[in-house]
Amino acid sequence: MSILEEAFELKKYMVNQRNYFHSHPELGLQEFNTCLHIEEELNKLGIKNYRVAGTNVIAEIDSNRQDSNNLGRNQQGRTLFLRADIDALPIQEKNEVPYKSQNDGIMHACGHDGHAAYLLGAARLILQHKDDFSGKVILAFQAAEEIGKGARDIIEAGILDDVDRTFGIHFASGMKVGTYGIKTGPDMASCDRFHIVIHGKAAHITTPQNGSDSLFIGALITAQLQTVVSRLISPVEGGLIGVGRFSSGTTYNIIPSEAELEGTIRAFSSESRQKLREAVRTIANNVASEYGATVDINIEDICDPCTNPAKTASEVYNSAVKLVPQEQVITNMDKRFGSDNFADYSRKAPGTYVHVGSSDSADTSAPHHNEYFDLAEVSYSYAAALAVQYTLDYLK
């Protein structure tokens, strides 16, 4: 029986797990019930597990067999790190399905419920194939990806200190079930969040000369931020600065003394990321100074760019074509400005981020972060199969 056929046999189990997670979604850093359920399933299998930083569950499957070729960092063989994120979003679900969210205003609208389910399924299969590989598999059920947390807690706890490879998947709405997207090079952008507070001077709106108009200054900063990217970053590489929140003023006839801007910076390289960070600071300071105001600027590092090295992408590609026809493994996907802090794991070990098709009908084609988002049930089997096939190939 092929690995994909074995994963199909586990479909009912993974569907049940996903539906449980979907019905009981929890926001980032609050995934307490989710973690308890994951631990319960791992304990049933006798898989060693423990917590990191509150709501990250780490599990280990060790073959306890030596690597006869001594290819890993020690004689016990290589170590592979498999990651699934587990947090939900502050969205009110509108799907009318038996597994609809029971937590008001919270929904798994990005597929992380399916990620947790596929990794539990993969754990069962890896355990069944324990005699077929040498080395260790670390399973990470990571908290708080949606708010840029979790990954660095796992890194700081030393979980990746002896890891040789990392692997992560994300279900992809709009991609047909049974397809894998494995891109070499830049795949997803870095993410920084900026918060700018403009301190001006209040005055009556009919006497602007007596004040320093923070609202007007904020509008100028916003306009300049929208245009600077094209002058700093190659159009081939691309970059983005976007303002998502602009707040100022209390009534129609007062020049406000304060304004707030909040937005994001996205880039595909560390060099471009630094250029855009500096541009935000320079523009905000210069515009405010020109009109008699000051600014406080905070730029928060959310995650690195997600880039797949050619070597690791090739390894995963070779595993994927053992499961599906070559034409169902897409290697020429466009890079995207979305981000995922799976990228941060590459600070410790090279790895591959894979997109797994999760659409088989109109009901499973709503975009991510949409109140009608859903996943095709068979997609969990394809995700689990690739994780297990890669595990066996890399740790052979």
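Biologist: Which residue in strand 4 is the bridge partner of Glu-60?
Modeller: In strand 4, Glu-60 has Ile-138 as its bridge partner. This is a predicted model, in which local features need pLDDT of at least 70 and side-chain atom pairs pLDDT 80 or more, while totals for chains, interfaces and linings use all residues. Residues are numbered from 1 along each chain as its sequence is written, and side-chain values use heavy atoms, leaving out hydrogens and water.

Biologist: What makes strand 2 and strand 4 a pair?
Modeller: Two strands pair if DSSP finds at least two bridges between them. Strand 2 (residues 56-62) and strand 4 (residues 136-142) are joined by six bridges, so they count as a pair. The two run antiparallel.

Biologist: How do you know that helix 9 packs on the sheet?
Modeller: Helix 9 touches strand 3 (79-85), strand 4, strand 5 (165-176), strand 6 (180-181) and strand 16 (351-359); contact means heavy atoms within 4.5 Å. The direction of helix 9 makes about 155° with that of strand 5, on a scale of 0 to 180 degrees between N-to-C directions. Helix 3 (residues 32-44) lies across strand 1, strand 2 and strand 4, at about 165° to strand 1.

Biologist: What makes strand 1 and strand 15 edge strands?
Modeller: The order of this open sheet of eight strands is 1-2-4-3-5-16-6-15, with mixed pairing. Strand 1 (48-52) and strand 15 (329-330) each have a single partner strand, so one side of each is without a neighbour in the sheet.

Biologist: Which strands stand at the edges of the open sheet of four strands?
Modeller: That sheet has the order 10-12-8-13 and antiparallel pairing. Strand 10 (239-248) and strand 13 are the edges, because each has a single partner strand. From one strand to the next, the twist averages 15°.

Biologist: How many bridges join the strands here, starting with strand 8 and strand 13?
Modeller: Strand 8 (residues 191-199) and strand 13 (residues 294-303) have nine bridges, and Cys-191 is partnered by Cys-303 in strand 13. Strand 8 also pairs with strand 12 (residues 258-267) over eight bridges, where Arg-193 stands opposite Thr-264. Strand 10 is joined to strand 12 by nine bridges, with Ile-241 opposite Ile-265 in strand 12.

Biologist: Which strands does helix 7 lie across?
Modeller: Helix 7 (residues 270-290) lies across strand 8, strand 10, strand 12 and strand 13, at about 165° to strand 13. Helix 6 (residues 214-232) lies across strand 8, strand 10 and strand 12, at about 170° to strand 10.

Biologist: Is helix 8 packed parallel or perpendicular to helix 9?
Modeller: Helix 8 (residues 310-320) and helix 9 (residues 379-394) pack at about 115°, with axes 9 Å apart. That makes them roughly perpendicular, a label given to angles of 65 to 115 degrees.

Biologist: Which residues meet where helix 8 packs on helix 9?
Modeller: Glu-315, Val-316, Ser-319 and Ala-320 in helix 8 meet Leu-386, Gln-389, Tyr-390, Asp-393 and Tyr-394 in helix 9. Five of the contact residues are nonpolar, two polar and two charged.

Key: Angles under 35 degrees count as roughly parallel, over 145 as roughly antiparallel, 65 to 115 as roughly perpendicular and the rest as oblique. Ala, Val, Leu, Ile, Met, Phe, Trp, Tyr, Cys and Pro count as nonpolar, Asp, Glu, Lys and Arg as charged, and the others, Gly among them, as polar.
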